[in-house]
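Here's a quick briefing to read alongside the model. Have the viewer open and follow along.

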Number of protein chains: 2
Amino acid sequence: MLQDTPLAGLSRRNLLSLIGMTAGSAAMYHAMTTLGLARESGYKGPVKLEGDPKGASVLILGAGLAGMTAALELRQAGYNVQILEYNNRAGGRNWTIRGGDTVTELGGATQECEFDDGLYINPGPWRIPYHHNGLLAYCKRLGVRLEPFQQLNHNAFLHSSKAFGGKPQRVRDIKTDLQGHVSELLAKVTQKGQLEGDVTKEDQEMLLEALRSWGALDKDFAYKESLHTSEFRGFEKDPGGGLGAAPVPSKPIDLSDILSSGLWNSLANFALYEFQTTMFEPLGGIDMIGQAFVREVGDLITYNAKVTKIEQDDNGVTAYYEDTQNPGTMQQASADWCICTIPLTILSQIDINVGGPMQAAIEAVPYASSVKVGLQFKRRFWEEDDLIFGGVSYTDLPISQISYPSTDFNTAGKGILLGCYTWNGPNSYEFTSMAPEERVRKAVEYGAQIHPQYKDEFETGVSWAWHRSPFTLGCAGDWTDEMRKEHYDNLCQIDGRIVLAGEHASYIPAWMEGAILSSLDAITRLHQRVMAG
Amino acid sequence: MLQDTPLAGLSRRNLLSLIGMTAGSAAMYHAMTTLGLARESGYKGPVKLEGDPKGASVLILGAGLAGMTAALELRQAGYNVQILEYNNRAGGRNWTIRGGDTVTELGGATQECEFDDGLYINPGPWRIPYHHNGLLAYCKRLGVRLEPFQQLNHNAFLHSSKAFGGKPQRVRDIKTDLQGHVSELLAKVTQKGQLEGDVTKEDQEMLLEALRSWGALDKDFAYKESLHTSEFRGFEKDPGGGLGAAPVPSKPIDLSDILSSGLWNSLANFALYEFQTTMFEPLGGIDMIGQAFVREVGDLITYNAKVTKIEQDDNGVTAYYEDTQNPGTMQQASADWCICTIPLTILSQIDINVGGPMQAAIEAVPYASSVKVGLQFKRRFWEEDDLIFGGVSYTDLPISQISYPSTDFNTAGKGILLGCYTWNGPNSYEFTSMAPEERVRKAVEYGAQIHPQYKDEFETGVSWAWHRSPFTLGCAGDWTDEMRKEHYDNLCQIDGRIVLAGEHASYIPAWMEGAILSSLDAITRLHQRVMAG
């Protein structure tokens, strides 16, 4: 049809530009899809910083993923780069606690992690969605080996202390049965003709077939105990070999029981784009990513540098910092430009001469509360007894979830469970207020309601409350839509010679990808500014 | 309430026995569930062969998983064991084709596999469900390292050559949109009161909330383009970092288009109990399992032994075989008992003096047709260009599916796709009838409709048609319910001194677990017979 219109002479890309100019970017993306082009990632491919910065220098504050990404790319582009890091290690929240590590929270509570060799917990980020292209690109480039992270495990549990007598249910039962019952109900009203007007007659016929297939319904569109439904939800007795091996069907859970249990509410945790298969984790701990960056830019980092003041004028930026190994010893570092990745919780307490809009943005964003507890057990009973290989069980208990290791499957020996992972809300605050050993005790106590084996098998634990983390005072930027409208662009704009970066300066807060994409955007704009000036 | 009934004095286990005796096993299993006991696996734990067989000997025919499992356990129990194997290798269908391997089909078609070092294809079994406890137990015991096998990848494709202009759709779009539309339709009729009578008023309120959550509906229970639905189906433009990073919502596919596409039909491949997360594969090829068994029982195996006749009398069993390395040279092996794991396709052509019922059973079971094609590509474009990390794309093209490797994720270099995997039906027969190189050519031609990169990136391929496999003449026992009723028990019963084992003697045909459970059941019964005699 295009041949008959005035647009016929336009190339597809010109057409897109035209749509983009007249109808806004959303319309353009839709047009792109219609025309068969791919969806757009937040990562635009390897950053291109072309042109000679002629010896310009950049001071980077913070050696987390945002800071190290910037350092890696800017040095390569010809900048003189140095990084100040408050911690005695790089990586920031990209961090793994291993046996032998000592960790200290704000207030002085110190834990010595007593995990066995090779066992660990990732207190911060721990999994990578397949569409976090920026992070995946750096993992590939820096040689970080990945293994799949199991988020959805059909055999993990959904648990409500108020439903099914407190007995955990298998994900597969809740998931399959809800889908089956919903399909049956819709098939029933379709057959009664009650969809007339909403769905064409022809579509109704196909809808019935789709519901039968998708909902595991029988020939009469009923969802009920049968070998057929058991092929989806699992059998009461699995098929076997030899004599007496015929399978015995399992009995679906009543819709009413599923609805009142509220367990359906957890199914989104497996369906969300952020949590869909295939997810990844680095082999050996999430900090393999940070360590890979350190191999590239470690020589640029000054550790134990607690920044207390950031000052800019027309000529450059100076950061004043205390060497925490020599308390009271103040030092300073200067450069033409500054990329500041310090979390806003901390930055808002630092003297920094930026304009009012950026200052207001720095002060506006609260940080999410999060607590994780890692528990070491004598044996991998979740695999041996419960056939749960990786994945997450969700519960209404204060621990919120139990996550099973996605590595060393089906092996003998010890293992670590993530025994508590809270995110905001009263439970998170309550766990934060506890002493670390009390959190571990509570995680074991609650977890035993789901896995009674906890009582016999627990050995040792470690916990981390992000609001008590001296280097972040919280877990991640906790934006609302209103805040974004008022402050987000002001936070991200270059202010004089300073630009901010980090997950807090992204639309993907709390994720490593947010830190990296924010950094790439910041250095791209900074470089443009340098080249223009 | 139990206290008020005559049953009050019974222990739970006694109660179960009572129910079992009066109401049959299905009723008993249901009672078990109700009382909180676990579901039953086809695997009953490590086999216990107690008592001294006093030097009794067992001849095992076939060194596949069934034969080697029997050999391992029987030798340990005190039997004198030997195995005859037709192939020049053990493992049977547990087999991996690697670069440098030469494979020959019936009819003489020979392929030299030209894959690069370390790359391979599993022509037979390739994945392990988490509930195949028997196989997993042997993997653990024999030190076979496992990695997750990705079956469901939300970013893989569903493809119909007759829908969406032949453009592949992402699994996540079809899956999320079908669920959303179904939820919206059911919410609508619920709000209209059309579920009255089927669902209580109270449940209707909860159902609406459940549908809103599960279907990603908005506050008015509508499923439509929004950032909320995009959080499930993915965005048109993903959220990013820094300026201009706001996400752009994607547009759901119309229900009518989904229904007429038929793509919903493939969703069962991710929901079935057999294919649910978490699945596994051995690191380095499926034959790591067979090789682990060989480390245990390899010394018992005589290779290149083509059995032509099996003869039993009151004193024992003799197998006559040709040494295929010295054609025409007949040999024989004798023992007190025989476990025959030879596929029924072959066994039905061998002279064996068993009773009529077993003979009829041997002749009754047809074997499934299956063809696999492995394709080597210059680069892992499915990851690099399409963000498909593992999983399976399904298509209505004759290749049926494309499976992406579940290992070495996010690495540079070459990779192998399973470019065709047929199972029965005309396509399978047609592929079987082609010359191996023609199958490869066809797999590339069809696959290019889904991945145009095939044209530039393809290097070399190998294929295997199971009906042309000299050692099985088919892929796996293809039972119907009717056949099972008539023949299954007759196939599995001990006939004199002979008992059959293998996936064909199980309710889990084509799966390795079927071979192992069948073998464990056969040796348990054989041992009882020996001890009784």
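Let's start with one residue: leaving aside residues up to four places away in sequence, Ala71(B) touches Ile60(B), Val81(B), Ile83(B), Val297(B) and Leu300(B), where touching means C-beta atoms, placed from the backbone, within 7 Å. Keep in mind that this is a predicted model, with local features needing pLDDT of at least 70, side-chain atom pairs counting only at pLDDT 80 or more, and totals for chains, interfaces and linings using all residues. Residues are numbered from 1 along each chain as its sequence is written, and chains are lettered from A and ligands numbered from 1 in the order in which they are written.

**Chain contact**
- Chain B puts 94 residues into the contact and chain A 93.
- Helix α4 of chain B (residues 171-191) gives the largest share of chain B's side, eight residues; helices here are DSSP runs (H or I, at least four residues) and strands are E runs of at least two, numbered from the N terminus.

**Sheet in chain A**
- Five strands form an open sheet with parallel pairing, in the order β11-β2-β1-β15-β22 (chain A); strands pair if DSSP finds at least two bridges between them.
- The edge strands, each pairing on one side only, are β11 (301-302) and β22 (498-500) of chain A.

Technical notes:
Two residues are in contact if their C-beta atoms, placed from the backbone, lie within 7 Å.
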